[in-house]
Amino acid sequence: MSIEALLSELSEVIIARRVAILHDEARLAYRLRANTVKTWPEFEEIITDYVQHHYARCVTGGGRIDRSQAAGRAKEIINQAYHRQGGDTRSAFRDCQEGVNGGLRGILDILCDSIKEEAVQYYSRSVFDRYLPPDNWPRQKEMVAQFIRHCGVALPGIDPSDPGRYARDIEPLISAFVRSLKQTSTIFRKL
């Protein structure tokens with residue numbers, strides 16, 4: 001198991017093929033009748049239905065998640081996205097009523113992007129788990145050091161002087177890698 005093999009599986013092209021395209025196609029397959037809503041129940045119904053649709057296409061292999069879980073997940077994602085701008089789900093609802101900031105289409109894009117980012121995170125973790133054997137500390141540390149050297153400054157917040165730190169706790173390295181992809185990769189660009 002070489003660093004080249006790990007890097008190959010974490011390339012933008014491979015991640016796009018194995019993860020991102022499926023999510024983009026799920027978003028494209030969901031059709032809206034309008035880009036605005038009139039009522040809160042209509043807004044709730046559409047975001048819940050969309051999350052169920054997206055999970056069925058990309059996460060559960062055709063199965064649907066419970067409506068209350070889908071509604072909760074949708075609101076959690078929207079709250080996180082709008083919180084960065086000082087808003088919340090109610091702000092998103094008003095945007096959808098007025099058709100501003102992308103309206104309902106913009107909200108569905110937020111949902112898609114968040115679910116896709118989570119899938120890229122899970123995929124990346126799976127790749128690292130395969131290439132960093134927990135029973136071989138020297139190998140694990142060396143692979144992490146090589147990965148950090150390869151990525152260089154593209155990993156925000158990662159201290160390259162202590163690769164052992166990330167070999168022991170891989171999550172910060174994975175998060176930095178996905179953040180870096182999100183900033184530079186076409187897999188996270190709008191459709």
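1. Basis. In this predicted model, local features need pLDDT of at least 70 and side-chain atom pairs count only at pLDDT 80 or more, whereas totals for chains, interfaces and linings use all residues. Residues are numbered from 1 along each chain as its sequence is written, and side-chain values use heavy atoms, with hydrogens and water left out.

2. Secondary structure. The protein has nine helices and zero strands, where helices are DSSP runs of H or I with at least four residues, strands are runs of E with at least two, and numbering starts from the N terminus. The order of elements from the N terminus is α-α-α-α-α-α-α-α-α.

3. Overall dimensions and burial. Along the principal axes, the C-alpha atoms fill a box of roughly 60 × 35 × 25 Å. Of the 191 residues, 46% are buried (under 20% relative accessible area, 1.4 Å probe, protein chains only).

4. The pair α3 and α6. Helix α3 (residues 40-58) packs against helix α6 (residues 103-131) at an angle of about 35°, and their axes lie 11 Å apart. The axes are lines fitted to C-alpha atoms over the stretch in contact, with angles running from 0 to 180 degrees between N-to-C directions.

5. Residues at this contact. From α3, the residues F43, I46, I47, Y50, V51, H54 and Y55 meet L104, I107, L108, L111, C112, I115 and E118 of α6 (contact: heavy atoms within 4.5 Å). By class, the contact of α3 with α6 comprises 12 nonpolar, one polar and one charged residues (nonpolar: Ala, Val, Leu, Ile, Met, Phe, Trp, Tyr, Cys and Pro; charged: Asp, Glu, Lys and Arg; polar: the others, Gly among them).

Methods. Buried means under 20% relative accessible area, exposed over 50%, partly exposed in between (1.4 Å probe, protein chains only).
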